[in-house]
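Please view the sequence and the model together before reading on.

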Amino acid sequence: MLGRGPALDRAFLGYAFTLLEAGHSCAIATHDAEILAHILNELKQGSFAGPVEFEFLQGAEAEPVSLVRSAGFNARVFLTYGPDWFLYVCHRLAEHPPALIQAIEDCLRFESPESS
């Protein structure tokens with residue numbers, strides 16, 4: 001699996017399924033495509049008593065959100081704000097450098113309402 005290593009991925013999945021199997025509500029927050037695919041596959045095959053939803057950060061790829069919603073699950077998208085928002089964004093960019101390239105591309109394509 002991807003993510004920060006196989007041990008962390010296994011722990012993440014183990015905790016998620018422990019909550020679901022016990023009937024607890026569970027909010028799964030990951031952008032890792034392989035973890036999402038694994039969880040969605042298990043949810044389709046298993047019978048879990050607890051409600052599940054998926055959480056994503058604004059600015060992440062839209063495909064995982066669409067995948068979750070098309071599978072019939074709720075997906076929330078959160079926006080970071082507050083006095084430390086810039087440090088948080090820098091941390092996320094350092095964590096996934098291709099996002100910086102995407103942000104630059106998005107800025108170059110941006111058209112202000114005044115220019116239209």
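Of the 116 residues of the chain, 22% count as buried, where buried means under 20% relative accessible area, exposed over 50%, and partly exposed in between (1.4 Å probe, protein chains only). The model is a predicted one, in which local features need pLDDT of at least 70 and side-chain atom pairs count only at pLDDT 80 or more, while totals for chains, interfaces and linings use all residues. Residues are numbered from 1 along each chain as its sequence is written, and side-chain values use heavy atoms, with hydrogens and water left out.

**Overall organisation**

The chain holds five helices and three strands, which follow one another from the N terminus in the order α-β-α-β-α-β-α-α. Helices (H or I, at least four residues) and strands (E, at least two) are DSSP runs, numbered from the N terminus. Among the contacts with a separation of 6 or more, 46% are made by residues 24 or more positions apart; a contact means heavy atoms within 4.5 Å.

**A buried valine**

Valine 68 belongs to helix H3 (residues 62-70) and is buried, at a relative accessible area of 0%. Leaving aside residues up to four places away in sequence, valine 68 touches Leu36, Leu40, Phe54, Phe56, Phe73, Asn74 and Ala75. Its C-alpha atom is separated by 9.8 Å from that of glutamate 55, 13 residues apart along the chain.

**Salt bridges**

Two salt bridges are found in the whole structure, a salt bridge being a side-chain nitrogen of Lys or Arg within 4 Å of a carboxyl oxygen of Asp or Glu.

| Salt bridge | N to O distance |
|---|---|
| Arginine 76 and glutamate 53 | 2.8 Å |
| Aspartate 106 and arginine 109 | 2.8 Å |

Arginine 76 lies in strand S3 (residues 74-78) and glutamate 53 in strand S2 (residues 52-57), so this pair ties together parts that are 23 residues apart in sequence. Arginine 76 is partly exposed, with a relative accessible area of 46%, whereas glutamate 53 is buried at 16%.

Aspartate 106 and arginine 109 are three residues apart in helix H5 (residues 98-109), and about one helical turn separates them. Aspartate 106 is partly exposed, with a relative accessible area of 38%, and arginine 109 counts as exposed at 54% relative accessibility.
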